[in-house]
Amino acid sequence: MDTQEKLQPEESLDPQDWDALRELGHQMLDDMFNFFQELPALPVWQAMPDKDRAFFKSSVPHDPQGFVDPYQDFKTHIMPYLMGNVHPRFWGWVMGTGSPYSMLAEMLAAGINTQLGGGDHAAYYVELQVIDWFKQLFGFPESASGLLTSGCSMANLIALTVARNRQAGFDIRLKGVSAAEARLVMYASSQVHSSNVKAVEILGLGRESLRLVPVDAKYRLDLHELRQAVQNDRDAGYQPVCVIGNAGTVNTGAIDPLNELADFCEREGLWYHIDGAFGALAALTPDLAAALKGMERADSLAFDLHKWGYMPFEIGCVLVRREQDHRSSFSFTPEYLAHQARGPAGGATWFSDYGVQLTRGFRALKVWMEIKAQGIEKFGRLITQNIHQARYLMELVEKEPNLELTAPVPLNIVCFRYHSPDLLGHDLNTFNEELLLRLQESGVALPSYTTLNGVYMLRACITNHRTRYEDLEMMVQKVLELGAELERELRA
Ligand SMILES: *Cc1c(COP(=O)(O)O)cnc(C)c1O
């Protein structure tokens, strides 16, 4: 090295003035806490003005702007235009709210910036413990394995990979799908979440290999139809490998007959996977534990913690009943990752042997700290609260002559639409679509939408610990007001 190079001052990303950054950091914390406290008075969502969109078009900054300016930009151009899911009146899709304490845990995890691919260090024991807790809560054996994931899409993909590999009957990791003698097929109800469809595509089975089985009037998988579909495939020389049960469908919250599905899979020698993205956590409530009976019999279970677990994005989890099945689908150990008997490359379990990612963040910390802080009972109560709120909303809808319930409410999802006698002969789908857009743009409340049997409907999915009964009343009032407004416009 020439002396000239060595004479250059050395740099790092740490601040030169720690006190100034400390002060800014404290300000950020105060701002976030104030934001949480002000939430109910803020609009749920507002459209981003063009000037703010344009702000994100500038080219890569070459010169430093300092720590303060980018934070100002965050406050000016980002904070007012959020998705809205932290707000008490957000009930769109299936989202989650996060919490102030788990936010702090996220900061700690980012600060220590440890990684969880493998190795023997404290964070590894935290993740193992969190997975152990969920094994206990969901009735999985102690010997089961698990992994915290980016979400339930990844959890489903991992589980269905294990299902395919385990059931194929040959070394599919080595030979590939094309070596299969018979087409490998999987089954799920027509209400199954798209992430499972994507997983089947990614696994190389082809989307047609996921048979979408019809549902009953309550949107639950029809066992008779399933039996028939499996039989037809066997007759045609195909190889059924797996059934996916839903513990809470995304459209209506329907829970498939999980226990009967377990019997069926056992008899037929099929892998039994359950997508419990949000519904699995309802097992924490005494009310719904019975409806979820059979979940503990699954070969694999996928669920989210960033939806009904109220944790900040991103975090989901997959459990696999037999550790060996899990490991043999993902373990791959090149020389540079060889485990050592002790030291930092020790540890019996390397999480990289259970999934797709090698480098993995410390997702476990927020779950571990929040559950310890609040106690798991609290989560059961919050979930129960959301279910009661959904029933309350259902009652509000049923009471209003101009509102119509459009699907059963088995869990926390309420589907409804505006419908008045004066609207006969009008396209109710278009009407309700416009109504929903106006509702969302008003900033008062944010449900989403779905279409079932050709009927477009508003859909409120309550996975929100901040929601209060009066928030639901506010939405209903606004829907009635907007519906009347639209009717007037139609007449004019
Ligand atoms: C949200 C959801 C998923 C996908 O989970 P992500 O966390 O969004 O990846 C899968 N299944 C169901 C039923 C869901 O609601």
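Asp31 sits in helix α2, which spans residues 18–38; helices here are DSSP runs of H or I with at least four residues, strands are runs of E with at least two, and both are numbered from the N terminus. The model is predicted, so local features need pLDDT of at least 70 and side-chain atom pairs count only at pLDDT 80 or more, while totals for chains, interfaces and linings use all residues. Residues are numbered from 1 along each chain as its sequence is written, and side-chain values use heavy atoms, with hydrogens and water left out.

Asp31 is buried, with a relative accessible area of 17%; buried means under 20%, exposed over 50%, and partly exposed in between, with a 1.4 Å probe and protein chains only. Not counting residues up to four places away in sequence, Asp31 touches Tyr71 and Lys75, where contact means heavy atoms within 4.5 Å. Helix α2 also holds Glu23, which is exposed at a relative accessible area of 60%. The C-alpha atom of Glu23 is separated by 46 Å from that of Gly253, a residue 230 places apart from it along the chain.

The ligand is surrounded by 14 residues, and the closest are Ser153, Asp275, Asp304, His306 and Lys307; a residue is near a molecule or strand if one of its heavy atoms lies within 4 Å of it. Helix α7 (residues 152–167) supplies the largest share of this shell, with three residues. By class, the shell has four nonpolar, seven polar and three charged residues. In this scheme Ala, Val, Leu, Ile, Met, Phe, Trp, Tyr, Cys and Pro count as nonpolar, Asp, Glu, Lys and Arg as charged, and the others, Gly among them, as polar.

Polar contacts are pairs of N or O atoms within 3.5 Å; within protein, one must be able to donate a hydrogen and the other to accept it, and residues adjacent in sequence count only if both atoms are side-chain atoms. A polar side-chain atom of Ser153 lies 2.6 Å from an oxygen atom of the ligand, and Asp304 likewise places a polar side-chain atom 2.6 Å from a ligand oxygen. For Lys307, an N or O atom of the side chain is 2.9 Å from an oxygen atom of the ligand. The ligand taken alone exposes 380 Å², of which the protein buries 86%; these areas come from the Shrake-Rupley method with a 1.4 Å probe, and for residues only the protein chains shown count as cover.

The structure holds zero disulfides, a disulfide being a pair of cysteine sulfur atoms within 2.5 Å. Cys152 is in none, and the nearest cysteine sulfur, that of Cys317, is 9.5 Å away. Cys152 is buried, with a relative accessible area of 5%, and Cys317 is buried at 0%.

Asn412, in the loop between β9 (403–405) and β10 (413–418), is buried with a relative accessible area of 0%. Leaving aside neighbours within four places in sequence, the contacts of Asn412 include Phe278, Trp308 and Cys461.

The backbone also deserves attention. Most residues other than glycine have a negative phi, and most peptide bonds are trans. The peptide bond from Phe313 to Glu314 is cis, with omega near -5 degrees, and Glu314 lies in the loop between β7 (300–304) and β8 (316–320). Tyr219 has a positive phi of about 65 degrees and is buried at a relative accessible area of 9%. Asn453 has a phi near 50 degrees and is exposed, with a relative accessible area of 69%.
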